[in-house]
Structure formats: C-alpha cells, structure tokens
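User: Hi! Could you walk me through the model I have open?
Analyst: Happy to, go ahead and ask.
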Amino acid sequence: MRIGQGIDVHAFGPGDYVTLGGVRIAHDHGLVAHSDGDVVIHALCDALLGALALGDIGRLFPPSDEQWRNADSRTFLRHCTALVAQHGFVLGNADVTVVCERPRLAPHVERMRATLATDLGCAIGDISVKATTSEKLGFTGRGEGIAATAVVLLQARAVPASLVNEDDSELRAFVERVAAEVDADVVRPAPGGSVAATTTQRQRGP
Ligand SMILES: [Zn+2]
C-alpha cells in the first residue's frame, strides 16, 4: 500500500472560465498556466506520482516541452493512471480539497468526481472532491488564485495489470520512456544529489 499527496496553485488572469477537475466552469477570470491550469488534476497527478516515487508533474510534463502547451490536463491524469497500473497498483481512493472564494464550486463537484473517476478508471465512490474558502485570508481569500490539495492511497494489485488503454501506442511509449528515465536516475544519480533532489529543483510544472 502506498500513500501520496499533492498540492497545486494557479493565479487568476484574463479569461471567462476556469477548468477544475476536467470541468469547464464559467468565471470572470481564467487561470494563468502553461496548460489549462486545472489545479485539481495537477494536485491529483502529483499525489499519484508521489505515491509511486516518480517525481512530479513538472518532471513528466515539462513546461519547456511544446507538446504540453495548453494541454488538456485530463491527458496528464490518464498518463498517471497508466503509470499506476504499470507499477502494479490500483487506486484505493483519492480525496481532493479545492480552496477559493469564487467561483462557487458546489454545483460542479459531482461532475468533477465523475470526470476524474473516468480518467482514473475507478468508481465515483472512490473519488472525493471538497470545496472550501480560506475565510477571505491569504491569496485565495483575496481572490488572486485557486489552490488544491490531494491525497491518494494506492493498493497493490493481486494480479499485475497491463497498461490501461493497451491499444494506445502513444501512451504506452510515454510510460515506457518514463520508466526508462526513472531506471536511469536510479542507476546513475545526479552528481551531489538524489533523484528527489533533482526533481525538486526542477521548475514547477503545468
Ligand atoms: Zn498546475
């Protein structure tokens, strides 16, 4: 059994909607990001990667890579789901908390849960999404941005699973490349630092 936690923050900027948990929500601002700024999915991805000790979302989907510009974050989540399966685990449950004053998220929570469950290949009952405010305190309280935290529990599969979407050759190639990179890091750690030190020094991700 493995546990992972993730946190993500994006600032408000120009725009007329935000994307949270894969759901587009009308708002008087957008979120500033290299991708779509989906803090819910980014926190969830970091929790999954943390549970697998595979680094973080910025390492797997570097902002310097044009491939991920304006990316739909659901793509990131599906890739992380594949990594979980490839490493012989299945999601036990996930718990996400979103912190903002606005927009009001309660009407959208069920759609977020359903969307996340689809990409994680699990039951909606295994996914919790909660929304709270910070009582007008701090950057979320001043309406400068949105924060999200996520905790996940992974359970070892009784029978090792093959990749989800086995027919997806692009996804398979990505997972195999990440696995090779992680192996290389383990065999040849960066001078003066561990794998963890290398990843934490990287620029924040999407
Ligand atoms: Zn992010």
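User: How many residues does α3 have, and what does it reach from its first C-alpha to its last?
Analyst: Helix α3 has 14 residues and reaches 20 Å from first C-alpha to last, close to the 20 Å expected at 1.5 Å a residue. The expected span is 1.5 Å times one less than the number of residues. Helices here are DSSP runs of H or I with at least four residues, strands are E runs of at least two, and both are numbered from the N terminus. This is a predicted model: local features need pLDDT of at least 70, side-chain atom pairs count only at pLDDT 80 or more, and totals for chains, interfaces and linings use all residues. Residues are numbered from 1 along each chain as its sequence is written.
User: Which residues of α3 are buried?
Analyst: They are S73, F76, L77, R78, H79, C80, T81, A82, L83, V84 and A85. That is 11 of the 14, so α3 is largely enclosed by the rest of the structure. Buried means 20 or more other C-beta atoms within 10 Å of the residue's own, exposed means 12 or fewer, and partly exposed is in between, with C-beta atoms placed from the backbone.
User: And what comes just after α3?
Analyst: G88, with a positive phi of about 85 degrees.
User: How do α1 and α3 cross?
Analyst: The axes of α1 (residues 39-52) and α3 (residues 73-86) come within 9 Å and cross at roughly 20 degrees. The two helices are therefore roughly parallel (angles under 35 degrees; over 145 is roughly antiparallel, 65 to 115 roughly perpendicular, the rest oblique). Axes are lines fitted to C-alpha atoms, for helices over the stretch in contact, and angles run from 0 to 180 degrees between N-to-C directions.
User: Which residues make that contact?
Analyst: From α1, I41, H42, L44, C45, L48, L49 and L52; from α3, S73, R74, F76, L77, C80, L83 and V84. Two residues are in contact if their C-beta atoms, placed from the backbone, lie within 7 Å.
User: Switching topic, where is T133?
Analyst: T133 sits in the loop between β6 (127-132) and α5 (138-141). It counts as partly exposed because it has 15 C-beta neighbours inside 10 Å.
User: What is T133 in contact with, leaving aside its neighbours within four places in sequence?
Analyst: V99, C100 and E101.
User: How many helices and strands are in the protein chain?
Analyst: Seven helices and seven strands. Buried residues make up 40% of its 206 residues.
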